[in-house]
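Open the model in your viewer and keep the selection panel at hand. The stops below go from chain to chain and then into the parts of one chain.

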Amino acid sequence: MNEAAVNTTMNANDELALSRKRRVRARRIALRVLEIGTPIAALAAWWFGSQNSQNPFFPSLREILIEFRKLWLFDKFGSDVIPSIVNFSIAYIIACVVGIALGILLALVWPPHAMLDPVLQFIRSIPAVALLPIFVALFGFGNGVRVFAIALSALFPVLISTVDGARGTEPLLLETARVYRLTPWERLRWVYLPAASPQIFSGAVVSLQVAFIVMITSEMLGSAHGIGALTMLAQKSFDAKGMWAGILLLGILGYLVNLLFTLVQNRVLSWYRGAQQSESAE
Amino acid sequence: MADSQLIIDHLSKSYATRTGSVQVIADLTFDVKAGEVVSIVGPSGIGKTTLLKCPTGLQPMTSGSAKINGREIEGPPPEMALVFQEYTRSLMPWLNVEKNVRLPLRHMHLPKDEAEQRIHSALDSVGMHNASEKYPWQLSGGMQQRVAIARALAFRPDVLIMDEPFASVDAQTRFELEDLCLQIRDSLGMTIVIVTHDIDEAVYLSNRVVVLGQKPAIVTSILDIDLPVPRDQITTRSRADFAQTRTSILELIKNGKQ
Amino acid sequence: MKSHLTTPSRTATLAYGAIGIILLLIAWQWGSTKVVSKSALPSIPDVVSALRELVVQGSFWIGVALTLVIALAGWAIAAVAGVALGIAIGIFAPVQAATRILLEFLRPIPAIVILPLAMMVFGPTTKMGIFLVIFGVMLPITAQTAAGVESVDPVMRNTARSFGMSSREILWRVILPGASPYIGTAMRVAAPVTLIMAVVAGMLGGAPGIGNALSVAQTVGRSDTLFAYVLVLGCMGMATQAASVSIERRLLHWHSSYRGEQS
């Protein structure tokens, strides 16, 4: 092949590569537009599609948002939104703390674990919301009972996964801990808890969902206050705007709570992701 | 045996299994003097790892005794550290290098300066002072094993026990780590016991080599290695007496199998 | 799972488990007679007789059946729709781009949120229950399926194409089997949620089934019946979980053995 011919092929190749690069870039931009555009289009469709809605179930988005602002940002913020969030947070934190503590205890001392395992498995299998009527029957429906009910329902997933996680601790790490004479507290803090943490988090996210469901159910079931109670009340009095405003708020809260959880998890488990990635790279 | 730092006396070990008791170690007797490097070699599958679990106090022995500095060993003694073969599983993946090395020092309640100094010099002596912020899974195998050694060094044991410490690293790293061992012994005056299946390594490192045989394990012979010090990977290994010692150990192991 | 602790023998574990159950029953009986007033915490004989009363009634079995129908129908519809959508997302980049933000936002929202709307639109019906179940489990199944499709090795896809397999064949023989472990996990995780939503639909929305029977029992103050129903629900929960685990294991049997050969 002479030099000129080589040059032409190279030029042709260059052009081909260039046009391919251009096409790839155009495609990437199109996808990005689609990604951001679709939710905006969906919202716009909701806004304009419902503008003159006469349907009793689906009021216009404009009205829903006005109701949302009026209800949640002003009237009911202190009396209903805050108590719901506080109840939920306290109950969830109790569930996690007790679940992890109890789980570690059960994992490290086997007779109680073997003793409690069948019982735990059964209680976990009961749909958490079904326990609510029992609580109501036993203790009435004060605020403390509600927090207790949320916490107890959310306890089991985190408890069971903590047990599994702690029992699965790498034996060699435990031998290392013994050789270096780590105190029981140090073993807990530096070996068992971190070793179990990936499992603990996977249980805790289930607990989070359960706590959210039980919180709303408990409010819908029989309460004068709380976001769930107001939303249910609006539904029962055919106040579609109020109901939609409630759904919107609950949806946003559900999303935010999950977001917060994911942020904490990514922070605490950054070592785990790194270790997993380096393992799969090998 | 008056000046012996570690004394293993008629140690035996059996495990209870469903079909009855299985004896892994029949009778071990040897001693290690302060500042010595002693290697334990033997045919594969003879339970060399089990052998270490008794004198380190990780598992109870069935009969016999083990003493360190004249004291009976019951649990893991404070003047002993252990480096495992499986470095990937003996470092805490959730702690960075510095915190891994610090972990055994926490309950000693050392003055802050001394703790820092110990960690620093330990990491320094294994050449890992630049990686103290890294996590174990960001390091190569050889580097992880260096961290495990640094952790043992910062603990300042009298006796450092190593269970096939270099079995899973590449040959180049292996030579470096072997020299690191000798250097530690010289600079810190540590007594080192190494279990290995690599006879060259045993000869190169040791003052004495304990050869195991049969199953269940017994000590078939104990050899003094009179190679000159300091040792060097090239000159020491190319000596005629190195090859002779190596051959005689190989033969001892081969005979021990039958 | 490996345990560092001395693994107790099977009989010891069973014995301890039995002791645990017996202790719980004793505590319950003691609590019902000595601590809480009889009407709130019923004694074991009361609950047993309430349970016996229930199982001879046709309406009880209809309630059980309806609850199961709601859970299973919702589960099935959500699975078909979720897997189809998930595959579309996994294969077609535009579909993925278009749905990404919406899915990210909608997926973590618990289905209970939509309950008031479902009640308003459907009323206290089986349909409402099914709708809630679908809403509760479809998006997680979708997301998992999409992740599963993406996990299929592109080399394998290209190889299949170069062997002249049609798109349909690639879908059925390469992509679906490759994504199936993800789909299986999503389905198993969904199992308890379907039951929760079926019960909530009855308890709050008046949909037929055990949830509704629960709230009736609570309203009329029959705590023995209430406890009997909760025990029944516990058994149903264990049964659905066991069933979903065994189905997953059977369907994915090939997968683990395939992997075993590979590694």
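Domain bounds, as used on this tour, come from an automatic or database domain assignment. This is a predicted model, in which local features need pLDDT of at least 70 and side-chain atom pairs count only at pLDDT 80 or more, while totals for chains, interfaces and linings use all residues. Residues are numbered from 1 along each chain as its sequence is written, chains are lettered from A and ligands numbered from 1 in the order in which they are written, and side-chain values use heavy atoms, with hydrogens and water left out.

**Chain A**

Select residues 1-49 of chain A for domain 1, then 63-281 for domain 2. The C-alpha centres of these two domains of chain A are 45 Å apart.

**Chains A and C**

Now show chain C beside chain A. Of the two pairs of chains that touch, A and C have the most contacts; contact means heavy atoms within 4.5 Å. On chain A 64 residues take part, and on chain C 58 residues. The two chains bury about 5300 Å² between them, with 81% of it on carbon and sulfur atoms. Buried area is the accessible area (1.4 Å probe) that two parts lose on being put together, summed over both.

Select Arg100(C) and Glu35(A): they form a salt bridge, with the closest N and O atoms 3.0 Å apart. The rule for a salt bridge asks for a side-chain nitrogen of Lys or Arg within 4 Å of a carboxyl oxygen of Asp or Glu. Across this interface of chain A and chain C the rule finds one salt bridge.

**Chain B**

Chain B and chain C do not touch, and their nearest C-alpha atoms are 11 Å apart. An unreviewed UniProt entry lists residues 6-239 of chain B as "domain: ABC transporter"; such annotations may be inferred rather than shown by experiment.

For the domain assignment of chain B, colour 1-79 + 159-258 as domain 1 and 85-156 as domain 2. Their C-alpha centres lie 24 Å apart. Domain 1 of chain B gives 18 residues to the contact and domain 2 of chain B gives 12 residues. The area buried between these domains of chain B is about 1200 Å², and carbon and sulfur atoms give 66% of it. Select Ser168(B), Leu177(B) and Leu180(B), which supply 29% of the area that domain 1 of chain B buries against domain 2 of chain B, more than any other three residues.

Last, pick Arg146(B) and Glu176(B), whose side chains meet in a salt bridge at 2.6 Å, N to O.
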